[in-house]
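Subject: Structure handover

Hello,

Here is the structure I promised to pass on. My notes on it follow below.

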Amino acid sequence: RVMVTRFAAALLFASLLAPVVRADIVERVVATVNDRAIFLSDLRKRAVPFLPQIAESATETERAARLKELYSELLNFLIEEELLKQVAAQDGTIVTEADVDQAIVNIRTGNGLTEEQFMEAVEAQGFTEQAYRRDLKKQLLRFKVINERVRSRVNITEEEVRRRYEQRARGEGQELRFKVAYLVIDLEPDANATDVARARKQANAIRATLTPDNFMVEAEALGGGDLGWIAEGDLPEDLGEALFALSPGEISAPIRGSRGFNIFFVEDRQVGSDFPTYDEMKDELFREMLDVQMRRQERVFIEELRRDAIINRML
């Protein structure tokens with residue numbers, strides 16, 4: 001719900017600053033969505049904030065072309081809005097006056113306006129308070145439906161957030177380091193295929209018994225121990241890649257190395273000291289990843305609604 005309110009605040013304050021142009025409205029149907037009509041007057045109202053930009057076109061031909069393109073894009077938006085409105089009716093989803101009140105508070109405080117300054121800005125752009133609240137309510141309904149229907153499709157794990165953190169760090173030149181323990185099942189340099197198969201079987205059996213709690217005991221018994229902090233480039237490429245795939249507290253599968261089969265336990269991992277810690281950045285990164293995934297899944301959901309609907313465009 002917090003995310004929805006934040007999205008609404010950004011979008012609605014932008015529309016608040018757009019000038020209003022009054023025009024005569026000619027009522028005719030420009031589209032139907034499952035037999036529900038969208039009127040030309042609806043389209044014209046939505047076009048108002050964009051008209052000053054179109055009016056700056058160099059020629060009448062260019063203005064006409066840009067207006068046609070604008071109407072086509074806005075009609076798509078109105079069709080989507082109607083589809084979501086119908087979903088809201090099916091689900092019993094509503095936007096209350098309290099929801100609208102809270103959204104206005106978020107918009108106003110987010111832009112550093114007092115109540116009086118906010119209402120002056122609304123009125124200066126030709127909106128009445130009632131008209132502004134109606135428009136806000138429509139947009140909040142859209143965000144609420146999307147949040148309720150789409151949020152369950154998005155699953156971002158702690159591991160994915162940590163990967164994004166490390167990608168960000170590496171992109172800024174920070175070196176990734178691991179606190180690692182290991183054990184090794186030795187192989188002789190001249191080991192034949194039978195020896196290798198036997199060692200692999202032994203390594204797999206040992207790996208099945210390992211936990212973070214008993215790893216060091218087993219490592220010391222079998223020949224291994226604590227490697228301490230090692231940088232990403234301190235190991236051969238194949239072993240470095242294996243470590244990079246592990247989260248703190250995870251134990252690797254057996255990995256063939258020069259001495260035999262290695263098993264690694266990653267106790268912790270971190271980036272260079274001149275970079276915020278994972279705990280400091282994880283909430284911000286989660287929100288960024290959530291926003292991207294929500295936008296992607298929103299498009300998928302709306303396309304599904306379009307496929308299942310009967311839509312007629314008459315413009």
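**Salt bridges**

Aspartate 279 and lysine 282 both sit in helix α12 (residues 278-308), three residues apart, or about one turn of the helix. Their side chains meet in a salt bridge, 3.7 Å from N to O. Aspartate 279 counts as exposed because its relative accessibility is 56%. Lysine 282 has 28%, so it counts as partly exposed. A network also turns up: salt bridges with shared partners join Glu80, Arg142, Glu298, Arg299, Glu303 and Arg306.

Please keep in mind that this is a predicted model. All the values here are computed from it.

In total, the count comes to 21 salt bridges. As background, side chains of opposite charge can pair when their charged atoms come close. Two further pairs deserve a note.

Take arginine 269 and glutamate 166. Their side chains form a salt bridge at 2.4 Å, N to O. This pair links distant parts of the chain. Arginine 269 is in strand β7 (residues 260-270), glutamate 166 is in helix α8 (residues 158-171), and 103 residues separate them. Are the two partners buried or exposed? Arginine 269 and glutamate 166 are both buried.

Next come glutamate 267 and lysine 179. Their side chains meet in a salt bridge of 3.4 Å, N to O. Here too the pair links distant parts of the chain: glutamate 267 belongs to strand β7, lysine 179 to strand β3 (residues 177-186), and they are 88 residues apart. Glutamate 267 has 30% relative accessibility, so it counts as partly exposed. Lysine 179 is partly exposed as well, because its relative accessible area is 23%.

Strand β1 covers residues 29-33. Four of its five residues are buried, so the strand is largely enclosed by the rest of the structure.

Which strands pair with β1? One is β2 (residues 36-39), joined to β1 by four bridges. These two strands run antiparallel. The other is β8 (residues 311-313), which pairs with β1 over three bridges, also in the antiparallel sense.

Threonine 32 shows both pairings. Its bridge partner in β2 is alanine 37. In β8, threonine 32 stands opposite asparagine 312.

**The turn between β1 and β2**

β1 and β2 form a hairpin, with two residues between them. For context, most residues other than glycine have a negative phi. Asparagine 34 lies in the loop between β1 and β2. Its phi is near 50 degrees, a positive value in a residue other than glycine. Aspartate 35 lies in the loop between β1 and β2 too. The phi of aspartate 35 is near 70 degrees, again positive in a residue other than glycine.

How exposed are they? Asparagine 34 counts as partly exposed, because its relative accessibility is 31%. Aspartate 35 is at 74%, so it counts as exposed.

**A contact across the sequence**

Glutamate 82 is found in helix α4 (residues 60-91). How far is glutamate 82 from valine 33, in sequence and in space? The two are 49 residues apart in sequence and 7.0 Å apart in space, C-alpha to C-alpha. Glutamate 82 has 10% relative accessibility, so it counts as buried.

**Charged surface patches**

There is a patch of positive charge on the surface. Arg36, Lys45, Lys85, Arg134 and Lys138 gather in it. Lysine 45 is found in helix α2 (residues 40-47). Lysine 45 is exposed because its relative accessible area is 57%.

There is also a negative surface patch, formed by Glu116, Glu120, Glu123 and Glu129. Which element gives the most to the negative patch? That is helix α6 (residues 115-124), with three residues. Glutamate 116 lies in helix α6. At 57% relative accessibility, glutamate 116 counts as exposed.

Best regards

Notes. Residues numbered from 1 in each chain as written. Predicted model: local features only at pLDDT ≥ 70, side-chain atom pairs only at ≥ 80, totals over all residues. Heavy atoms only, no water. Patch = residues over 30% accessible without salt bridge, like charges linked within 9 Å, V, L, I, M, F, W, Y side chains within 5 Å. Areas by Shrake-Rupley, 256 points an atom, 1.4 Å probe, with all protein chains shown as cover. Salt bridge = Lys/Arg side-chain N within 4 Å of Asp/Glu carboxyl O. Lys, Arg positive; Asp, Glu negative; His and termini not counted. Charge placed at Lys NZ, Arg CZ, Asp CG, Glu CD. Buried < 20%, exposed > 50% of the residue type's maximum accessible area, 1.4 Å probe, protein only. Pairing = 2+ DSSP bridges.
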